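Student: I've got a new model open on my screen and I'd like to talk it through. Can we go step by step?

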Amino acid sequence: MDDPLQSFPHPRTPASAPGRAPAPAPVSTPAPADRSPELYATLDRAAGDALAAPALDGLVGGILAEVASGARAVRAVAHPLGFFCLPVLRDGVFGVCVHVFGPAAGRPGTTGGRGPGPDTREIHCHSWELKSSVLYGRVGNLRVTVHDEPDRPTHRAYEVRSAAGADEIRPTPRLVRWEALGERTSTRGETYTLAAGEFHATVLPGGAPAATVVLGRSVPGPVDVVLGPVDGTARRVVRRQCDAARTARIAEAAARRLTESA
């Protein structure tokens with residue numbers, strides 16, 4: 001199973017179209033074995049269903065300190081959607097990542113296929129259930145519905161397969177249109193959830209720094225899909241993994257902002 005918290009890459013273009021968002025691919029060393037079984041359940045309880053408990057700050061702060069010091073063997077990954085992912089746990093169908101948003105988060109290179117369009121709202125869906133708690137800053141979640149539209153489509157659904165640090169994005173026959181159902185902006189301490197296969201887009205209001213801790217649980221059936229150009233072709237996205245020094249700087253900066261926002 002690809003690391004369910006490594007979000008996925010998409011053919012960048014206007015949002016919409018039935019597919020399934022690229023699934024998180026494993027690119028880092030799992031958390032210490034003696035902690036893996038309890039970490040997901042502990043964070044899940046602290047995150048709650050709407051409001052995160054104060055204990056979540058301490059738990060995530062401790063994880064970030066371990067990453068910064070090298071005690072937790074994790075490498076940050078520059079995600080295609082423009083944030084850094086710290087995949088701190090992969091344990092069977094469960095995964096935990098810290099997503100760090102900000103201007104420094106670059107996009108990995110791509111090879112093959114036609115380039116994406118300028119739309120920054122990439123509509124996608126995951127093959128895993130998601131619970132996301134905002135640690136600091138503001139993060140928007142746009143929920144959408146996707147309709148089949150073979151005659152006058154605005155997008156095509158692309159299936160995403162992740163392996164060995166790269167994502168293969170392949171066009172499917174499905175042509176679609178999407179419609180916004182509503183957007184909700186969550187702030188520090190707030191939690192939102194998404195079912196596997198539910199289309200959405202993440203929005204960063206004003207582009208200000210933000211971070212979330214994301215819990216994922218893979219479920220059988222759904223696949224990762226992203227909406228892209230109607231006439232797009234297959235692409236390969238290579239995820240850029242950061243070295244130990246840059247990973248430490250990212251974790252340290254996130255830990256500092258977390259403390260300052262408390």
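This is a predicted model: local features need pLDDT of at least 70, side-chain atom pairs count only at pLDDT 80 or more; totals for chains, interfaces and linings use all residues.

Student: What share of the contacts with a separation of 6 or more comes from residues 24 or more positions apart?
Tutor: Take the contacts in the protein whose partners are separated by 6 or more. Those between residues 24 or more positions apart make up 83%.

Student: On to helix 2. How far apart are its end C-alpha atoms, and what span should we expect?
Tutor: Helix 2 covers residues 55-69, which is 15 residues. The expected span is 1.5 Å times one less than that number. So the helix should span 21 Å, and the distance between its end C-alpha atoms agrees: 21 Å.

Student: Which residue just after helix 2 takes a positive phi?
Tutor: Look just past the end of the helix, where phi is about 90°. The residue there is Gly-70.

Student: Is Ser-132 buried or exposed?
Tutor: Ser-132 sits in strand 6, residues 128-136. Beyond its neighbours within four places in sequence, its contacts include Tyr-192 and Val-213. Buried means under 20% relative accessible area. Ser-132 has 2%, so the call is buried.

Student: And Gly-95, how far is its C-alpha from that of Trp-128?
Tutor: Gly-95 belongs to strand 3, residues 94-101, and is buried at 0% relative accessibility. In sequence, Gly-95 and Trp-128 are 33 residues apart. In space, C-alpha to C-alpha, the distance is 9.7 Å.

Methods:
Residues are numbered from 1 along each chain as its sequence is written. Side-chain values use heavy atoms; hydrogens and water are left out. Helices (H or I, at least four residues) and strands (E, at least two) are DSSP runs, numbered from the N terminus. Buried means under 20% relative accessible area, exposed over 50%, partly exposed in between (1.4 Å probe, protein chains only). Contact means heavy atoms within 4.5 Å.
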